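Hello,

Here is the structure for you to look through. My notes follow below it.

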Amino acid sequence: MAGRKKKNKKIVTLVILLLVFIALIAALVMLKKNPQGEDEQETTQTTAHENITDMVNSDLVEITYSDVANSMTFVRRTTDDDWVYAEDTSLAITQSAISTLAASVTSSLVNQVIEESLTNKANYALDNPAYTVTVKDASGKTLTIYYGMETMTSKSYRYAYVEGDDRIVTTDVTPIEKMSFDVYSMVDYEAFPALRQENMTVISYTDEDQSITLYNEPDDLTIADAIGTTVWYYPMYGRYMACNYNSIVELLNTIEGLSYTGVAAFAPEDLSAYGLDTDVATLEVTSKTTDSDGNITETVVKLLIGGLIEDESARYVMLEGDDNVYTMKADSFSIFTENILSDYLMSLGFALCNFDGITGIEVTYGDKSLNIEVIQGTATAEDGTVTTTYDCYVNGVATDETETRKLFANIIRPTADHILADGEAKEDSEVVYRCIYNTNYETLPEITYEFSVYDGTYYQVTLNGNTKYVITKQEFNTLISNIEAYLKQL
């Protein structure tokens, strides 16, 4: 029995020692080291989450915040007035930007009380605070909160103290995250005018390297025909050039998506800092809308495009008639700045022509020739309906209109493989095919296409003296084969 008692005493002793050891470990865990050194330790006295201030957001009439380099103040005369920027009350400040900040300040909670006095505030970077926020309510009560360094355990909290309260506490950084030292980013500016592609009728773009005007179904459209789905054209080489469908869709989508990303300055006297003083690129868009009564309204929006901002993510812009400078995403203008638009928009179907405007076609290649003559007239039906008639002749032989149209379709069918950049055309190259279109349009009575040798793979195509296309030899051989097959039928 004695042995058993001794054994029980030992177990009790061990249990007591274990409990004492656990207590010591718990005590050590409760003692956190001070962030500035091992000798100075912060207490971890956890309080009930109390508000850092008893002020109410809806009563605030002034808020000032600062960091080591900036300071901004926003005020309102009464709690019912809008917030204004103290240094320039004319700016239309986005109210949510300030009211959200004010709400985050008044709802901030004390996470922990670290010290009961400010004696060691330098250990928490509170002798030279990183941020300071001061709020004032309608009764005249003022509260200032000083924020020091981030805590060692979380970037979501900073050491802080409230003026008039000697405690050093930790509190969340939400108010700091809501601060903005760029007043223009908080301005409630007018949106960029909505541009809908279904309403656009004319688009003009000009910079130091190019100038182009695009037309949606121009009234004086003559030789080009709306073959395919495009309805956009631009004048070049003496005729309207049909736009490449995919390219014009991308361009229209880009214009429709333009929007301000911010305001850079309000009515600045010097525009040179924004690249908007000289040699400004311009984008002008004309739109027409029709109301329910059938009234047509035409509007013109002209955008002046300036230089890039410092990080090159946006460009400075101005709307003609507006003195303020705004920003837009730089990517919004890449289609203009990275392309020669006349080449980028050029349709590979270079020979688009309207049969109704043709009076004759002269084709020569090698020692062979083909001549088409089209004489237009009118016929009146018994019911008074007037239709256009076509008397057609191929190499002097009267030919059915339908057959002539088939031949015409073969002649205009070649499609370019790609567009030549400036300087890539071969000078004095041997011409192997020439096609002259005679038309009944006074503004463009004649159009000439010439094919000449480019290299072992391509022929280059010259339109009215300008060489911009190349076609494959296979495409050229198909054209000649179709013409030869027709000539054999004559």
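Lys426 is partly exposed, because its relative accessibility is 41%, between the 20% and 50% cut-offs. This is a predicted model, so please read every value here as computed from it. Lys426 sits in the loop between strand 25 (418-419) and strand 26 (431-439). Leaving out residues up to four places away in sequence, Lys426 touches Tyr454 and Gln460. Val453 is 27 residues from Lys426 along the chain, and their C-alpha atoms are 8.3 Å apart.

Next, Ser108. Its place is the loop between helix 2 (95-106) and strand 7 (109-115). Ser108 has 0% relative accessibility and therefore counts as buried. Its side chain reaches the backbone oxygen of Ser104 at 2.8 Å. Beyond four places in sequence, Ser108 touches Glu50, Asn51 and Ile52 as well as Thr171, Asp172 and Pro175.

Last, a helix pair. How do helix 7 and helix 8 cross? The axes of helix 7 (residues 401-411) and helix 8 (residues 473-487) come within 9 Å, with a crossing angle of roughly 160°. That angle is why helix 7 counts as roughly antiparallel to helix 8; the cut-off is over 145 degrees. The crossing is left-handed. From helix 7, Glu403, Leu407, Asn410 and Ile411 take part in the contact, meeting Leu479, Asn482 and Tyr486 of helix 8. By class, the residues of this contact are four nonpolar, two polar and one charged.

Best regards

Conventions:
Residues are numbered from 1 along each chain as its sequence is written. This is a predicted model: local features need pLDDT of at least 70, side-chain atom pairs count only at pLDDT 80 or more; totals for chains, interfaces and linings use all residues. Side-chain values use heavy atoms; hydrogens and water are left out. Axes are lines fitted to C-alpha atoms, for helices over the stretch in contact, and angles run from 0 to 180 degrees between N-to-C directions. Helices (H or I, at least four residues) and strands (E, at least two) are DSSP runs, numbered from the N terminus. Angles under 35 degrees count as roughly parallel, over 145 as roughly antiparallel, 65 to 115 as roughly perpendicular and the rest as oblique. A crossing is left-handed if the near helix is turned anticlockwise from the far one by less than a right angle, and right-handed if clockwise. Contact means heavy atoms within 4.5 Å. Ala, Val, Leu, Ile, Met, Phe, Trp, Tyr, Cys and Pro count as nonpolar, Asp, Glu, Lys and Arg as charged, and the others, Gly among them, as polar. Buried means under 20% relative accessible area, exposed over 50%, partly exposed in between (1.4 Å probe, protein chains only). A polar contact is a pair of N or O atoms within 3.5 Å; within protein, one must be able to donate a hydrogen and the other to accept it, and residues adjacent in sequence count only if both atoms are side-chain atoms.
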